[in-house]
Amino acid sequence: MTLPVLFDRLRLPVIGSPLFIISGPELVIAQCKAGIVGAFPALNARPAAMLDEWLHRITEELAAHNRDHPDRPAAPFAVNQIVHRSNDRLEADLETCAKWQVPIVITSLGAREDLNHAVHGWGGITLHDVIDDRFARKAVEKGADGLIAVAAGAGGHAGRLSPFALVQEIRQWFDGPLALSGSIATGGAILAAQALGADFAYIGSSFIATTEANAIEGYKQAVVEGRAADIVYSSLFTGVHGNYLRGSITAAGLDPDALPEGDLKTMDFGTGNGAKAKAWRDIWGSGQGIGAVDAVEPVADRVARLEREYRAARVRIGL
C-alpha cells in the first residue's frame, strides 16, 4: 500500500510519540521543522480552551516555516486523543481538531468508528496504537487508517510482546501504514524497524532529553544517565502496565522491586521528606532505549544525529 502523501515531507521515517505533560507546542514545532512528525496529547492542553491556542500556534508557525523554506517543508503534526470513556473532553477536543484540520489523529485506549469518520471528513488520517494483533484487527475494522504497534520496552503504557512477534502478526493481514514503538533511540534502530516491516519508528523517550521538551531538568538528566536496567514495568500508577524510571519510584518513597499490582491513579504517597508526591507528576515514564541518549540537546541536533546513524546503517548493509 502506498503511504498517504502527507508523509512525503518526512526527512526520516519517524513519528515523535505524544508524551504526557512533556509534549507541547515547542517540542512539536521543533520536531516538525526537523523533518519528523511531532505529536502531543490533546489533554496536555489545560484548560481545554488552550488546545485551540496550541493548534493555532502550531499551524501558523509551521506555515511560516514552509513559506520561508519551500525546499525543506515541515513534516505534518499529530494530536493524540484518549478514546476511553473516562475522557470527558473528547468530543470538544475533536471539534477543535476539526477547526484546525489536524492532519493526523492518534487514538489510544479504545477505537471508535465515528471518530475515524469525523477525521476523514476534514481530510485527516487516524493511527491507532495497539499492543497485540487482536486490538489491531478491531482498530482497522472500525476504520483506522494505520496502526502503531507498541511493543515491549516502550515508554509509558507499553505492551509485552516482542517487536518481531507483533509486527509479523500484523503484517500477515494489514498492508497499511504501520509504526513501531519500543526502545528505538538510534538511526540503526529506525532502519531495523523498517526491516521488520514497519513504515515508521515511533520514538518518545529520547525526546524527553531535549531542550524543547516540557520536562524538569531532573527528569531529562535521569534519561541521559539511565540504562535499560533502570526501567521498571508496573501497573500500579495508572492501572495499565507501563515502563517507568526506577529512580523516580525510589524518590517517591516506594520500593521499585516490590510494587503491588493495582490502580492507584489518585494515590498520594510520601517522598520520605514529609512531602507528598503525585503519580502523574513524580513517577517518570521512560522506555528501555535510553542507554543511547547521552546528552540533553535541541531537537534539531537529535534528529540530525538520527539521520547520520540511519544513513550509516544503510551503508553498512549495502542499501
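**Entry 1: Arg302 and Glu297.** I looked up the burial of this pair and found both Arg302 and Glu297 buried, where buried means under 20% relative accessible area, exposed over 50%, and partly exposed in between (1.4 Å probe, protein chains only). Their side chains meet in a salt bridge, 2.7 Å from N to O. I took a salt bridge to be a side-chain nitrogen of Lys or Arg within 4 Å of a carboxyl oxygen of Asp or Glu. By this rule I recorded 16 salt bridges.

**Entry 2: Basis of the entries.** I note that this is a predicted model, in which local features need pLDDT of at least 70 and side-chain atom pairs count only at pLDDT 80 or more, while totals for chains, interfaces and linings use all residues. Residues are numbered from 1 along each chain as its sequence is written, and side-chain values use heavy atoms, with hydrogens and water left out.

**Entry 3: Glu307 and Arg311.** I next examined the salt bridge between Glu307 and Arg311, whose closest N and O atoms are 3.1 Å apart. Both residues lie in helix α11 (residues 299-316), four residues apart, which is about one turn of the helix. I use helices (H or I, at least four residues) and strands (E, at least two) as DSSP runs, numbered from the N terminus. Glu307 is buried, with a relative accessible area of 14%, whereas Arg311 is exposed at 51%. I also noted that salt bridges with shared partners join Asp294, Glu297, Arg302 and Arg305 into one network.

**Entry 4: Lys220.** I found Lys220 in helix α8, in a salt bridge with Glu217 whose closest N and O atoms are 3.8 Å apart. The two residues are three places apart in α8 (residues 217-225), so about one helical turn separates them. An α-helix has 3.6 residues a turn, so residues three or four places apart point the same way. Lys220 is buried at 3% relative accessibility, while Glu217 is partly exposed at 49%. Leaving aside neighbours within four places in sequence, I listed the contacts of Lys220 as Ile208, Ala209, Thr210, Thr211, Ala213, Ala215 and Val296, contact meaning heavy atoms within 4.5 Å.

**Entry 5: Cys97.** I located Cys97 in helix α3 (residues 90-99) and found this residue buried, at 0% relative accessibility. Not counting residues up to four places away in sequence, Cys97 touches Leu55, Val79, Gln81, Val102 and Trp122. I also checked Thr59, 38 residues from Cys97 along the chain; their C-alpha atoms are separated by 11 Å.

**Entry 6: Helix α4.** In helix α4 (residues 113-121), I recorded Leu115, Asn116 and Val119 as buried. Seen down the axis of α4, the buried residues fall within an arc of 100°, so they line one face of the helix; the arc is that of the directions from the helix axis to the C-beta atoms. On the other side of α4, His117 and Gly121 are exposed. The cover over the buried residues of α4 includes α3, β4 (104-108) and β5 (125-130). After α4 comes Gly123, with a positive phi near 95°.

**Entry 7: A sheet of three strands.** I traced an open sheet in the order β7-β11-β10, with antiparallel pairing. Its edge strands are β7 (156-157) and β10 (231-234), each pairing on one side only. Two strands pair if DSSP finds at least two bridges between them. Strands β10 and β11 (residues 242-245) pair in the antiparallel sense over four bridges; the bridge partner of Val232 in β11 is Tyr244.
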